[in-house]
Amino acid sequence: MESLKNVIGVDLGGTNMRAALVKSGEITNKSARLVPKTDQADEVTNALIQTISEVFTPEVEGIGVGVPSLVKAGEGIVYDVQNIPSWKKIHLKEILEKAFKCPVYVNNDANCFAVGERVFGAGTRYDDFVGLITGTGLGAGIIKGGHLMPDQNCGAGEFGMIPYLDDNYEMYCSGQFFGRRFNADGGELAQKAAQGDQAALAAFAEYGQHLGKAIKTVLFTVDPGAIILGGSVSKSFEFYKEAMWQEISDYPYGFALENLKIVPSDMQEVAILGAAALCIDALS
Amino acid sequence: MIQDMTLQNQCAVGVYLGGKNLRVGRVRNNMVEESLALDIDNHEPEEVILKAVMDAIDKVMTPDVGGIGIGVPSLVDVSKGVVYNVEHIPSWREVHLGDLLSDRYKVSVYVNNDANCFAIGEKYFGKAKKYANVVGIMTGVGLGCGVITNNRLYSGTTCGAGEFGCIPYKDHNYEYYCTTGYFERKYGLKPEALYNRAKKDDKIALAVLEQFGFDFGYAIKTILYAYDPECIVIGGDISRFFPFFEPHMWKTVRAFQYEKTVEKLKIEVSDHPEIAVLGAAALYYDAMAKN
């Protein structure tokens, strides 16, 4: 089946909304605006339509949207979107299809990340992998047999919510860990670690240990061939990878580890490209 | 989504090897049309047990059998049909079951672990027929899960998917808290005794099962976070306790933070007496099904 050549990828975060025209995997035109701070759901919807129309052209064959929320995938209904309080239940697919007269695919941001890696990134090498985002939160998308694994409400892969120590994995394996544990910003710690600062390196080693525990949970549940790490913390992969692998090494099914690959994402604009990739995944 | 049932006019043999217990059956038109169950000595050498399995298959094998499915409580290399360190059968450390049986019977052979067989069996023949995304939980002495996504069995890269029992919980893991062994470890109660007391509305027994339901609810929540299925089917020895712990389990599950996930969730108990054989046979139907 021919994959779509002209698609729009939309990254709807809590603060910014961004849309881009994507042709054969390249972003050719971009637009962005702040998410309006309002209690009117329509204002947010209209701003989104405006943002998309700034990059829309008649050749566009589909629109993919990544949203930080639960999504009823087939119907494209989004529920209780993080940081957009007015969006309790929005028929986003229907609204955008009416506005743009082309197929629209909606999914959560972690699933978009995984599909983006599958179509455009390191995931092209693996048919079964987990895309694990370590940013503000901890979430994952599961790719099975080359495609996004279907579920009920796009709620699969929420490993961050699984109980861990006194809280859950998200608190120990996302960027929040550095603020809570060291009262420091992960980005600043990374700069210090790059200069050989021992305390910063120790902080990443501690992080790597927790992430290793989360990864073992991924292995126990999904048993993927590879894990691709995304999000801001994955940029510090070289500082924590040793501690992470050390923690994973006692996984009881040793032969699962023999071929397991854990790599950081090297994609730019993976959120937008991932949303664009939703169209390509859905139609191939 | 309703699966294409026509394929099931095809005939398959299902084999379940659970330590001392061997069950073999021929499945056609969604039914076990011929079967046998026998005890084996699980301490016999590899070849002796293998011969017992083959002798049993011989008895139900007919020329129109399209494939053989086998469920074994062990690590399995699904693509090669190799089982490793089979539980309760010390001599079976590495047995190339797939090759051995396909050489003998000249049909395709599908080997998988017992929890995966249970899940695909429930999908084809049991409580999960109507659902595309399902998790089957086998709980008795151990806790293992099989995962169905998009109507197909998902075994993972090394047949290790669904090992929710190994995930840390409190000071141990879910297997410690959510299997029948917990009653004895924690309270010194044999499962049988606990069951009888619960039936008589014994307050202590009911309190034990209330706590159990609370912990089991956490295991369910972990499954929801990982797979967001439409239906969860519970099988194994824990099933008979379900009426006692069900309300307490739901109390925990309903506190799940994504209410959409729980709204339509079905949690069922397996009630098919022949699910072990049917599930093994379903490996064949699953392999034949087109995505």
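Tutor: The elements that cover the buried residues of α1(A) include β1 (6-12), β2 (16-23), β3 (26-34), β4 (62-67) and α2 (92-100) of chain A. Helices (H or I, at least four residues) and strands (E, at least two) are DSSP runs, numbered from the N terminus. This is a predicted model in which local features need pLDDT of at least 70 and side-chain atom pairs count only at pLDDT 80 or more, while totals for chains, interfaces and linings use all residues. Residues are numbered from 1 along each chain as its sequence is written, and chains are lettered from A and ligands numbered from 1 in the order in which they are written.

Student: Which residues of α1(A) are buried?
Tutor: They are V44(A), L48(A), T51(A) and I52(A). A residue is buried if 20 or more other C-beta atoms lie within 10 Å of its own, exposed if 12 or fewer, and partly exposed in between, with C-beta atoms placed from the backbone.

Student: Where do they fall, seen down the axis of α1(A)?
Tutor: The buried residues of α1(A) lie within an arc of 95°, so they line one face of the helix. The arc is that of the directions from the helix axis to the C-beta atoms. As background, an α-helix has 3.6 residues a turn, so residues three or four places apart point the same way.

Student: What should the helix α1 of chain A span?
Tutor: Helix α1 (residues 41-53) of chain A has 13 residues and should span 18 Å at 1.5 Å a residue; its end C-alpha atoms are 19 Å apart, which agrees. The expected span is 1.5 Å times one less than the number of residues.

Student: Stepping back, how many helices and strands are there in chain A?
Tutor: Chain A has ten helices and 15 strands. Its C-alpha atoms fill a box of roughly 55 × 40 × 35 Å along the principal axes. Of its 284 residues, 53% count as buried.

Student: What radius of gyration does chain A have?
Tutor: The value for chain A is 19 Å, which agrees with the figure near 19 Å for a compact globule of 284 residues. The radius is taken over C-alpha atoms, and the globule rule is 2.2 Å times the number of residues to the power 0.38.

Student: How is chain A divided into domains?
Tutor: Chain A has domain 1 (6-112 + 269-282) and domain 2 (125-264), with bounds that come from an automatic or database domain assignment. The C-alpha centres of these two domains of chain A lie 26 Å apart. Ten residues of domain 1 of chain A are in contact with twelve residues of domain 2 of chain A; contact is defined as C-beta atoms, placed from the backbone, within 7 Å.

Student: Which elements are on the domain 1 side in chain A?
Tutor: In chain A, β5 (70-72), β8 (104-108), α3 (109-120) and α10 (270-282) give two or more residues to the side of domain 1 that touches domain 2. β5(A) gives the most to that side, with three residues. The residues on that side of domain 1 of chain A divide into five nonpolar, three polar and two charged. Here Ala, Val, Leu, Ile, Met, Phe, Trp, Tyr, Cys and Pro count as nonpolar, Asp, Glu, Lys and Arg as charged, and the others, Gly among them, as polar.

Student: And what about the domains of chain B?
Tutor: The assignment gives domain 1 (6-114 + 274-288) and domain 2 (128-269) of chain B. Their centres, taken over C-alpha atoms, are separated by 27 Å. The contact takes nine residues from domain 1 of chain B and seven residues from domain 2 of chain B.

Student: Moving on, how many residues does the contact take from chain B and chain A?
Tutor: Chain B gives 28 residues and chain A gives 29 residues. On the side of chain B that touches chain A, α7 (203-227) and α9 (259-263) of chain B each supply at least two residues. α7(B) gives the most to that side, with five residues.

Student: What does G225(A) touch?
Tutor: Not counting residues up to four places away in sequence, G225(A) touches Y126(A), D128(A), F129(A), N259(A) and T157(B). G225(A) is found in the loop between α7 (198-221) and β14 (226-230) of chain A.

Student: Is C159(B) buried or exposed?
Tutor: C159(B) counts as buried, with 24 C-beta neighbours inside 10 Å. C159(B) also has a positive phi of about 60° although it is not a glycine.

Technical notes. Contact = placed C-beta atoms within 7 Å.
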